[in-house]
Amino acid sequence: MTLKNTADRWGGVSQFLHWLIMLLILILAVVGLSLDSLPKSPKYFWVYDLHKSTGLAVLALVVLRLGWRLYAGSPAPVAGTPTWQARIAGLTHWALYALILAIPLSGWLYDSASGLRPLKWFGLFTVPKLSAPNEGLRDLAHEAHEWLFWVLVALVALHVAAAFYHHIFQRDDTLTRMLPRRRKASPTSR
C-alpha cells in the first residue's frame, strides 16, 4: 500500500487518519453525552479533562489530515459518478473537516470562557486559554459545541449512508478505496 493518495485510492496515511479521527470522535461522543449523568466527583473531572484533551488531539489530527490532503491530493471520483454526486461528496468532505475543526475549537473556547482551572493536556502541559472568563461567551460556545456536534452526527450519517449505497447498490469502489487492501494469499501459504 502506498502512503500517498493515488488517482483511484486513498493512501495509507489518509486511511489511518480517517479511521483514527473517526474512532476518537466516537469515543468523544459517548463520553460527552455521558458527562451530565456523572456525579461531580474527582473521577468526573478526570473524565472531563480526558474528553477535553482528546478533543484537542482530534483538532491537531484534523489539521494534520488537512495538510496531508493538500499535499497528497485526493482520488478522482469513481468512474461513472455523476458530476452532481461528485460535487456533493466534495462539499460534504469539506463540511466534515470544518465541523471537526469547529467542534473542538468551540469546546476549547467554552472551557476558556468558563474560567475553570487550566487544562493540562493529557497531564503533559498546560493548554493556553482562548479568552478570559466570560459568562456570555461561555454560554454561546457551549451552545455552539452542542449544536455543531448534532450537525456532525447528521452529516456523518449521510456520509456513511452514501458510502454503503455506493458499495451495496452501485457496487463501486467508493467505500473500499478508504479501506486497507487485503493481501492476496500466496500460493505457498496454502
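1. Residues 24 or more positions apart make up 71% of the chain's contacts with a separation of 6 or more. Contact here means heavy atoms within 4.5 Å. The model is predicted: local features need pLDDT of at least 70, side-chain atom pairs count only at pLDDT 80 or more, and totals for chains, interfaces and linings use all residues. Numbering starts from 1 along each chain as its sequence is written, and side-chain values use heavy atoms, with hydrogens and water left out.

2. Overall layout. The protein chain has four helices and two strands. Read from the N terminus, the order is α-α-α-β-β-α. These elements are DSSP runs numbered from the N terminus: helices are H or I with at least four residues, strands are E with at least two. The C-alpha trace spans about 60 × 45 × 35 Å along its principal axes. Of the 190 residues, 34% count as buried. The cut-offs are under 20% relative accessible area for buried, over 50% for exposed, and partly exposed in between, with a 1.4 Å probe on protein chains only.

3. Packing of H2 and H3. Helix H2 (residues 42–72) and helix H3 (residues 83–114) pack at about 145°, and their axes lie 9 Å apart. Axes are lines fitted to C-alpha atoms, for helices over the stretch in contact; angles run from 0 to 180 degrees between N-to-C directions. H2 passes H3 in a left-handed crossing, that is, the near helix is turned anticlockwise from the far one by less than a right angle. Among the contact residues are Tyr48, Gly55, Leu59 and Arg69 of H2, and His93, Tyr97, Pro104 and Asp111 of H3. By class, this contact holds 15 nonpolar, two polar and four charged residues. Nonpolar covers Ala, Val, Leu, Ile, Met, Phe, Trp, Tyr, Cys and Pro; charged covers Asp, Glu, Lys and Arg; the others, Gly among them, are polar.

4. Largest pocket. Its space is about 1,300 Å³. A pocket is an open set of points on a 1 Å grid over the protein atoms alone, where a 1.4 Å probe fits, with protein on both sides within 12 Å along at least five of seven lines; lining residues have an atom within 4 Å of a point. Points are joined across faces, edges and corners, and the volume is the space filled by probe spheres set on them. The lining has 45 residues, with His93, Leu96, His159, Val160 and Ala163 nearest the centre. H4 gives the most, 13 residues. The lining divides into 32 nonpolar, 10 polar and three charged residues.

5. Second largest pocket. This one holds about 770 Å³. Of its 29 lining residues, Leu28, Gly32, Leu35, His51 and His145 are closest to the centre. H3 supplies the largest share, eight residues. The classes are 19 nonpolar, six polar and four charged.

6. Ala163. This residue sits in helix H4. Ala163 counts as buried because its relative accessibility is 16%. Its C-alpha atom is 5.3 Å from that of Leu175, 12 residues apart along the chain.

7. Leu130. This residue lies in the loop between strand E2 (125–126) and H4. Leu130 has a relative accessible area of 43%, so it is partly exposed. Neighbours within four places in sequence aside, Leu130 contacts Leu105, Trp108, Leu109 and Ser112. The C-alpha atoms of Leu130 and Trp108 are separated by 7.3 Å, at 22 residues apart along the chain.
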